[in-house]
Amino acid sequence: SRSRSRSRRVVEKIMIMIMIIGCGAAYRPGDVVPLSRMGQYHAMRTNWHDVLGHHCPIFGVNREVLLPIPKPTGYTGADAYKISFQVGREKFLIPWLLVINRKSPEVPMIDVHLRHSGGDIHGVTAKVVNMPHHYLDIHEDIRKAFWDPENWPKRILVRYFWEERSEIDVSGGFYVLFGAGFLLTLVMAIYILQSSQEKLV
């Protein structure tokens with residue numbers, strides 16, 4: 001009957017909604033993970049700026065990128081230049097990283113460590129380290145450009161490392177199950193109600 005076919009369509013739509021709730025926000029291998037950058041120089045901070053996709057982390061992929069760092073307003077070289085990042089749709093915050101005027105003769109690079117379980121990112125940490133000499137021997141242009149005061153934007157090597165952990169998100173799983181159970185209850189109630197109406201007719 002028409003009522004029964006309508007009931008089936010309602011059930012199908014709600015089941016699709018349940019699937020979306022369960023996996024709609026998850027990352028898939030190879031997805032670009034959004035990244036935003038903020039700079040601080042001489043107690044002045046920039047706004048958050050979105051980083052281009054080919055400089056962002058790729059979900060589940062260890063890789064290296066040369067991230068361009070623009071010249072800050074009023075730059076004289078006398079003060080430290082720091083950058084901060086927000087990672088992912090969850091906006092994990094990476095605190096200030098000192099990258100220029102570190103009082104060190106070494107060229108800096110940034111190691112970013114991302115922890116994930118399944119399709120969810122659980123945490124991000126980062127630190128500034130010295131670029132290995134064997135890398136600089138291969139890419140001598142990076143050293144020259146970094147120490148040239150007129151050469152901007154500076155290009156900082158960023159290495160993204162992914163670590164998979166079998167963590168169980170108890171609270172998140174509870175909410176998903178609760179939502180799915182509620183929708184299933186709603187489906188059954190609608191189906192029973194329509195079946196009762198058909199019998200009365």
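Predicted model: local features only at pLDDT ≥ 70, side-chain atom pairs only at ≥ 80, totals over all residues.
The side chains of Asp79 and His42 are joined by a polar contact of 2.5 Å.

Asp79 sits in the loop between β4 and β5 (81–87). Is Asp79 buried, partly exposed or exposed? Its relative accessibility is 26%. Buried would require under 20%, and exposed over 50%, so Asp79 counts as partly exposed. Beyond its neighbours within four places in sequence, Asp79 is in contact with Tyr41, His42, Ile100 and Asn101. Tyr41 is 38 residues away along the chain, yet the C-alpha atoms of Asp79 and Tyr41 are separated by 6.8 Å.

Now the chain as a whole. Contacts between residues at least 6 apart in sequence can be sorted by separation: 64% of them join residues at least 24 apart. The secondary structure comprises 4 helices and 9 strands. Along the sequence the pattern reads α-β-β-β-β-β-β-β-β-α-α-β-α.

Next, a sheet. Which strands form it, and in what order? It is open, has 4 strands in the order β4-β9-β7-β8, and its pairing is mixed. The edges are β4 (63–69) and β8 (120–130). Each has a single partner strand, so one side of each lacks a neighbour in the sheet. Ignoring direction, neighbouring strands here are turned by 25 degrees against each other on average.

Look at one pairing inside this sheet. Strand β7 (residues 108–117) and β9 run parallel, joined by 8 bridges. Arg115 stands opposite Glu163 in β9. Helix α3 (residues 140–147) lies across β4, β7 and β9. Against β9, helix α3 runs at about 120 degrees.

Then the interior. In soluble globular proteins, nonpolar side chains tend to be buried together. The largest nonpolar core in this model has 36 residues. Phe85, Val87, Ile110, Val112 and Met131 have the most contacts inside it. Strand β9 (residues 154–164) gives the largest share of this core, with 5 residues.

What does Val87 touch, apart from its neighbours within four places in sequence? Its contacts are Val33, Pro34, Leu35, Phe92, Ile94, Leu114 and Val124.

Last, the surface. Of the 201 residues of the chain, 32% count as buried. The chain exposes about 12,700 Å². Carbon and sulfur atoms supply 59% of that area.

How values were computed. Residues numbered from 1 in each chain as written. Heavy atoms only, no water. Helix = DSSP H or I, 4+ residues; strand = E, 2+ residues; numbered from the N terminus. Buried < 20%, exposed > 50% of the residue type's maximum accessible area, 1.4 Å probe, protein only. Contact = heavy atoms within 4.5 Å. Areas by Shrake-Rupley, 256 points an atom, 1.4 Å probe, with all protein chains shown as cover. Core = buried A, V, L, I, M, F, W, Y, C linked by side-chain atoms within 4.5 Å. Pairing = 2+ DSSP bridges. Axes fitted to C-alpha atoms, helices over the stretch in contact; angles between N-to-C directions. Polar contact = N/O pair within 3.5 Å; in protein donor to acceptor, adjacent residues only side chain to side chain.
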